[in-house]
Amino acid sequence: MSEETASRVCLSQRAHWAAEQAISFLMAQGVENRDVISLAAGLVDEQTLPVALCRDLLNELLSDDRTARGALQYGTTPGAEALRSEVLKHLARLEGGIVDDLGVAADQVVLSTGSQQLLTSLADVLLDPGDICLVSAPTYFVFLGVLNGVGARTVAIPSDDQGMRIDLLADELERIAARGELNRVKLIYVVSDFENPSGISLSAARRQQVVDLAKRWSTEQRIFVLEDAAYRELRYEGEPLPSVWSFDQDRDTVILAQTFSKSFSPGVRVGFGVLPRELVAPVCNRKGNEDFGSAHLNQQLLNLALKSGRYQQHVQQVCQGYRSKRDAFLAALATEFRDLPEVHWVHPKGGLYVWMTLPDAVATGFNSTLFQSAVKEHKVMFVPGELGYPSTRNEDVVCRNQMRLSFGVQPVDGLQEGARRLAAAVRQQLR
Ligand SMILES: Cc1ncc(COP(=O)(O)O)c(C=O)c1O
């Protein structure tokens with residue numbers, strides 16, 4: 001072997017597909033610019049983290065030797081039986097019914113390391129390179145990276161203030177069928193509640209329609225709807241909407257992904273999926289190769305929190321905290337941008353994000369003058385909206401004049417100062 005050949009690292013195609021993820025760049029920007037107020041970070045508010053509660057729960061778990069040994073041992077690939085049953089009760093509460101009405105058993109619940117692992121596993125077991133996933137646009141940019149990572153073709157369906165445009169989804173499916181590519185469509189991905197990044201929820205009518213469309217076009221093979229309900233429990237006003245999953249009476253089309261990261265703690269990192277029966281074994285086989293079970297201690301901790309009702313109390317406090325931060329941030333934006341009527345933003349009823357739209361000509365991407373001057377000169381950072389659009393296709397759908405602003409991490413004074421700095425940076429571009 002020559003020295004040159006021996007030193008060459010030959011990575012897999014998948015490693016190339018997974019390269020250059022925006023999330024890593026954003027994290028690095030945050031670290032390199034410590035004096036910047038970050039409205040970019042999508043982390044939860046440190047003050048909401050259940051420190052005392054977790055201390056108590058861990059004490060309880062570890063105070064009895066037998067229970068402690070059980071919790072500190074490996075669990076199983078689909079996750080702790082006790083928590084999977086508790087998750088069904090939790091889901092029944094969210095759906096406003098009882099477990100018997102759900103139409104699924106605990107063995108259709110798979111616990112994962114955050115919902116991210118479930119999303120990744122699903123992409124892996126459903127999508128071959130070249131297969132198609134339809135996504136609302138804009139959407140959760142980390143999942144777009146996951147889709148790139150398996151070589152999928154991602155097709156953007158524009159959304160409006162009711163979420164994904166179902167008429168455009170229907171048109172797209174029609175076009176795909178006409179091209180003879182229906183057999184490549186495997187997945188429709190929607191973030192149903194207070195979407196990351198847009199803050200918008202899919203309307204109840206459209207929830208039914210997306211399920212109907214998926215079933216109607218499942219002529220060559222099943223087209224699944226992946227409902228990512230990561231922000232479902234962070235609701236600050238209005239009545240909860242029935243999940244997309246609840247409209248799938250046969251329980252064979254919608255995959256529901258949820259997480260306890262936002263409502264409880266991302267450090268505990270427990271998520272779950274409620275899967276159509278046929279997907280349970282493939283997802284568990286994949287997970288078996290990866291970790292043969294997520295952190296068992298964390299699952300036991302959450303089980304105790306849910307069972308004792310302390311989780312539910314905690315979520316109420318979390319929502320109160322975020323509600324007042326959202327209100328403070330929206331008020332600050334209204335004040336700071338009052339002389340810039342050409343700038344608009346969504347008033348989210350939940351979640352962690354405010355989605356802002358600037359005039360068409362003002363680009364917000366990493367290389368734009370606005371992003372550069374915001375970070376370097378005005379010391380404020382946001383997530384460029386274009387990250388929420390698939391990069392390789394549907395170029396006409398991509399909006400380059402939007403940004404995602406998070407009110408999750410900053411305290412109220414940071415949000416107010418952040419809004420002031422952002423307005424100054426935008427004003428500089430507009431005037
Ligand atoms: C829409 C959405 N889905 C899923 C996740 C993954 O969260 P976790 O893996 O912590 O459950 C996030 C995290 O930010 C998200 O915003």
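Student: Which residue takes a positive phi just after α6?

Tutor: In this predicted model, that residue is G96, with a phi of about 75°.

Student: What span is expected for α6, and what does the helix reach?

Tutor: Helix α6 covers residues 81-95, which makes 15 residues. The expected span is 1.5 Å times one less than the number of residues, and for α6 that is 21 Å. From its first C-alpha to its last the helix reaches 21 Å, close to the expected value.

Student: Which residues of α6 are buried, and what covers them?

Tutor: The buried ones are L83, R84, E86, V87, L88, H90, L91 and A92. Each is called buried because its relative accessible area is under 20%. Their cover includes the helices α7 (99-102), α13 (296-307) and α14 (310-336). It also includes the strands β2 (109-113), β8 (254-259) and β9 (270-274).

Student: Why is S121 called buried?

Tutor: The cut-off is under 20% relative accessible area. S121 has 2%, so it is buried. The residue is found in helix α8 (residues 114-126). Leaving aside residues up to four places away in sequence, S121 touches V283 and R286.

Student: How many residues surround the ligand, and which are the closest?

Tutor: There are 13, and the closest are S115, D228, Y231, T259 and S261.

Student: How do you know that β6 and β7 are paired, and which way do they run?

Tutor: Pairing needs at least two bridges between the strands. Strands β6 (residues 185-191) and β7 (residues 224-228) are joined by five, so they count as a pair. They run parallel. V191 stands opposite D228 in β7, and D228 is also one of the residues closest to the ligand.

Student: What makes β2 and β5 edge strands?

Tutor: The open sheet has eight strands in the order β2-β9-β8-β7-β6-β3-β4-β5, with mixed pairing. β2 and β5 (163-164) each have a single partner strand, so one side of each lacks a neighbour in the sheet.

Terms used: Residues are numbered from 1 along each chain as its sequence is written. This is a predicted model: local features need pLDDT of at least 70, side-chain atom pairs count only at pLDDT 80 or more; totals for chains, interfaces and linings use all residues. Side-chain values use heavy atoms; hydrogens and water are left out. Helices (H or I, at least four residues) and strands (E, at least two) are DSSP runs, numbered from the N terminus. Buried means under 20% relative accessible area, exposed over 50%, partly exposed in between (1.4 Å probe, protein chains only). Contact means heavy atoms within 4.5 Å. A residue is near a molecule or strand if one of its heavy atoms lies within 4 Å of it.
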